Every structure is written in C-alpha cells, then in structure tokens.
Amino acid sequence: MGLLDGQTAIITGAASPRGLGKATARLFAEHGCQVAILDLDASQAEDAAADLGERHIGLACDVTRKSDCDAAVAAVLKAFGQVDILVNNAGITQPLKIMDISHENYDAVLDVNLLGTLNMSQAVIPHMRERKSGKLVNMSSVSAQRGGGIFGGPHYSAAKAGVLGLTKAMARELAPDGIRSNAICPGFIATDITAGKLTPEMKVQILEGIPMGRAGEASDVAGCALFLASDLSAYVTGSEVDVNGGSLIH
C-alpha cells in the first residue's frame, strides 16, 4: 500500500535529474501517485516523467506566466481527471550581495520563487475547492529563516520568506475548504544547483555549521514532501518543516 495510492500530483521545476523536484516525483510515484512534471523545457519534462513510468506526464510551464499555469493545470485535469497535490518546487537563486541586486535580478528571483508559487496555487485552488480536498507543499529555504547562507542573495532570502508568508496565509484562508498548505525549508542540499560551485574550503565551513555533519540529500526533502502530501499530516497546515540537519534550530 502506497501512501498516495489513487492520488495525483503536479510538481513544478522537477526535470533536473538530481533536483528536489525529481526526487519528490520519484518518491510520490513509488507511493502510488500519478505525477505531472512541469518544467520550462517540454522535452526535459517529458523525459523526466518517462523515467518514472508510463502513468506520468511531463509538460512545459513557465510558472511566472499565469496563462502557462492555467493551461498546464487544465492539461493535467484532462489527463488525470483530478489534482490532489501541488508541489511548488520551481525556483532560481543568484549569489549577489545587497548592493549588487538590480531591478532585473530582483524581478527574476521574486517572479520564479514567489509569483510562481502564487500563480500555480491560484491555478489549482478552484478545482481543489470544488472537491473540498487538496494539499499544497511549497518550497522555501533555511535562507528565509536565517537571512541568507550559501548561495542565495538577499533577494532570494526575501523571496523564500515571502513563500512562508504566502503558505501560512493560504493555510488560514483555505482550511475551511479542506485544503492544507505547508512549507519545507531545506538547508544545504547536494543538488545540481550546488554541484561544482563549492570550493573544498567552503564545503568544510558549511559542514562545520551542520550538527549532523553532512549535506542533505534530495531524498531527505522528498521524504518530508511525502509526509506533507499524505494523510499522515492530516492535521498539519500552515507549518514550516525544517530539513537542515540542525543547521538552524529555533
């Protein structure tokens, strides 16, 4: 018995082979979920879905464009008949200092991370409200909680903090409709984004700040997403779940 048998999920930004989205998609599929992988490139999204098996689909979607999000959700509903889970995973980061952030940098990072989360959520909420059921899982970051960190500049911290605020506001507003909204705050995770960008000295310094003494794996975040998307967390909404090896303890 899978924890998500008979359910369907949309996961944004999930085509990258070693990313959090792909790991989450894989784990959901193993637990009986039908998954729609959304990413900027249609062929990459389709290939990622094919990796999971024939029940799954890949679609092109730029989450910064509301029309793309609406069209993607309509396509998923046509293919699957329902959407039970949305994982807002699509995100970008830029390693800039406060005085180096241009308006264009700000727009790029805020639009993908925060506006994208809003656009996709707005696209699925009417359907979830009709069914009086739905789970929203939003990817924030330890950067939002501690004010930056490894790569992301202040605008990334601000975007991911915005995701936390949006997550909690949606949880409050949507709870009467049977829709839960929660956020995950990953710490330092070994993914495609971090691969090759760390000097050995940086890695030593990062690991020294993690009580568990290791970088996180994408599967660590996927497991948390599975919990929040399943009935194991039926009474959990408006929460932020830390997946950081103890690097930030409130």
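# Reading a predicted chain, residue by residue

Reader: Which residues does T8 touch, if those up to four places away in sequence are not counted?

Author: Leaving out residues up to four places away in sequence, T8 touches C33, Q34, F80, Q82, V83, D84 and I85. Keep in mind that this is a predicted model. T8 itself lies in strand β1, residues 8-12.

Reader: Is T8 buried or exposed, and how do I decide?

Author: Compare the relative accessible area with a cut-off: buried means under 20%. T8 has a relative accessible area of 3%, so T8 is buried.

Reader: How many helices and strands does the chain have?

Author: There are eight helices and nine strands in the chain. The radius of gyration is 17 Å, close to the 18 Å that the globule rule gives for 250 residues, so the chain is as compact as a globular protein of that length. Along the principal axes, the C-alpha atoms fill a box of roughly 50 × 40 × 40 Å.

Reader: What percentage of the 250 residues is buried?

Author: Buried residues make up 50% of the 250. The chain exposes about 11,400 Å², and carbon and sulfur atoms supply 55% of that area.

Reader: What percentage of the contacts in the chain with a separation of 6 or more comes from residues 24 or more positions apart?

Author: The figure is 73%.

Reader: Where does A25 lie, and which residues does A25 touch beyond four places in sequence?

Author: A25 lies in helix α1. Not counting residues up to four places away, A25 touches I11, V35, I37 and L52. A25 and V87 are 62 residues apart in sequence, while their C-alpha atoms are 9.4 Å apart in space. The relative accessibility of A25 is 0%, so A25 counts as buried.

Reader: How many of the residues of α1 are buried?

Author: Nine of its eleven residues are buried, and α1 is mostly covered. The buried ones are L20, G21, K22, A23, T24, A25, L27, F28 and A29. Just after α1, G32 takes a positive phi of about 90 degrees.

Reader: Which residue has a positive phi although it is not a glycine?

Author: K132, with a phi of about 55 degrees. K132 lies in the loop between α4 (103-131) and β5 (134-139).

Reader: How are two packed helices described?

Author: By the angle between their axes and the distance between the axes. Here, the axes of α1 (residues 20-30) and α2 (residues 42-52) come within 10 Å and cross at roughly 35 degrees. The crossing of α1 and α2 is right-handed.

Reader: Which residues meet in the contact of α1 with α2?

Author: From α1 come K22, A25, R26 and A29, and they meet A48, D51 and L52 in α2. These residues divide into four nonpolar, no polar and three charged.

Reader: Now take strand β5. Are L136 and N138 buried or exposed?

Author: L136 has a relative accessible area of 1%, so L136 is buried. N138 is buried as well, with a relative accessible area of 0%. Both places are in β5: L136 and N138.

Reader: Where does L59 lie, and what does L59 contact?

Author: L59 lies in strand β3, residues 57-60. Its contacts, neighbours within four places aside, are I37, L38, D39, A45, A72, A75 and V76. L59 and T24 are 35 residues apart in sequence and 17 Å apart in space, C-alpha to C-alpha.

Reader: How far apart in sequence and in space are A144 and T199?

Author: They are 55 residues apart in sequence and 24 Å apart in space, C-alpha to C-alpha. A144 is in helix α5, residues 142-146. Leaving aside neighbours within four places, A144 is in contact with S157, K160, A161 and L164.

Methods. Residues numbered from 1 in each chain as written. Predicted model: local features only at pLDDT ≥ 70, side-chain atom pairs only at ≥ 80, totals over all residues. Heavy atoms only, no water. Axes fitted to C-alpha atoms, helices over the stretch in contact; angles between N-to-C directions. Helix = DSSP H or I, 4+ residues; strand = E, 2+ residues; numbered from the N terminus. Left-handed = near helix turned anticlockwise from the far one by under 90°. Contact = heavy atoms within 4.5 Å. Nonpolar A, V, L, I, M, F, W, Y, C, P; charged D, E, K, R; others polar. Rg over C-alpha atoms; globule rule 2.2 N^0.38 Å. Buried < 20%, exposed > 50% of the residue type's maximum accessible area, 1.4 Å probe, protein only. Areas by Shrake-Rupley, 256 points an atom, 1.4 Å probe, with all protein chains shown as cover.
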